[in-house]
Amino acid sequence: QVNLVESGGGAVQAGDSLRLSCAASGRTSSIYKAGWFRQSPGKEREFVAQVWWDGQMTTYADSVKGRFTISRDNTKSTLYLQMNNLKPEDTAVYYCAAGSNFAWRYWGPGTQVTVSS
């Protein structure tokens with residue numbers, strides 16, 4: 001089992017920055033990939049970014065590419081999402097996720113990010 005807890009969400013204005021953190025505990029050795037998803041009311045959960053835990057290869061959704069940066073410190077078992085130049089469209093609950101190379105298996109409870117114009 002892997003437990004994930006997000007932090008760092010909040011209410012900001014367009015153009016501001018936030019850094020989300022996700023603390024992982026439990027069997028962190030089972031993590032092959034970690035990532036961030038987000039969900040707005042009435043919409044499906046969408047992929048934001050992911051990183052392989054060891055290789056540090058990253059993937060981003062087109063909507064955040066160039067603005068968001070995913071990183072991880074596997075010594076501290078912590079995942080980060082640096083969000084710059086935030087837009088109102090980024091408003092959502094952001095979820096930390098982790099899993100094997102085949103599937104996402106673990107999810108945090110989410111943290112709210114609200115961007116006003």
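**Core, a buried loop leucine and an aromatic cluster**

Guide: In this predicted model, the largest nonpolar core has 30 residues, and Trp36, Leu79, Leu81, Met83 and Tyr94 have the most contacts inside it.

Visitor: Which strands each supply at least two residues of this core?

Guide: Those strands are β1 (2-7), β3 (18-26), β4 (33-39), β5 (46-52), β7 (68-73), β8 (78-83), β9 (92-99) and β11 (111-116).

Visitor: OK, Leu86 next. Where is it?

Guide: Leu86 is in the loop between β8 and β9.

Visitor: Buried or exposed?

Guide: Buried, because its relative accessibility is 1%, and the cut-off for buried is under 20%.

Visitor: And what is Leu86 in contact with, leaving aside neighbours within four places in sequence?

Guide: Its contacts are Val12, Ala14, Gly15, Asp16, Ser17, Leu18, Arg67, Phe68 and Val115. As for Thr114, which is 28 residues apart from Leu86 along the chain, the two C-alpha atoms are separated by 9.4 Å.

Visitor: Switching to rings. How many aromatic pairs are there?

Guide: There are three. One of them is Phe37 with Phe47: the ring centres are 5.7 Å apart and the planes are at 75°, so this pair is edge-to-face. Phe37 belongs to strand β4 and Phe47 to strand β5, so the pair ties together parts 10 residues apart in sequence.

Visitor: Are those two buried or exposed?

Guide: Phe37 counts as buried at 9% relative accessibility. Phe47 is partly exposed, with a relative accessible area of 26%.

Visitor: Which residues form the aromatic cluster?

Guide: Phe37, Phe47, Trp104 and Trp107 form one cluster.

Visitor: What sits over the ring of Trp104, and what lies over the face of Trp107?

Guide: Over Trp104 it is the charged end of Lys33, 4.4 Å from the ring centre. Over Trp107 it is Arg45, at 4.7 Å from the ring centre.

How values were computed: Residues numbered from 1 in each chain as written. Predicted model: local features only at pLDDT ≥ 70, side-chain atom pairs only at ≥ 80, totals over all residues. Heavy atoms only, no water. Core = buried A, V, L, I, M, F, W, Y, C linked by side-chain atoms within 4.5 Å. Buried < 20%, exposed > 50% of the residue type's maximum accessible area, 1.4 Å probe, protein only. Helix = DSSP H or I, 4+ residues; strand = E, 2+ residues; numbered from the N terminus. Contact = heavy atoms within 4.5 Å. Phe/Tyr/Trp six-rings, centres within 6.5 Å; stacked < 30°, edge-to-face > 60°. Lys NZ or Arg CZ within 6 Å of the ring centre and 35° of its normal.
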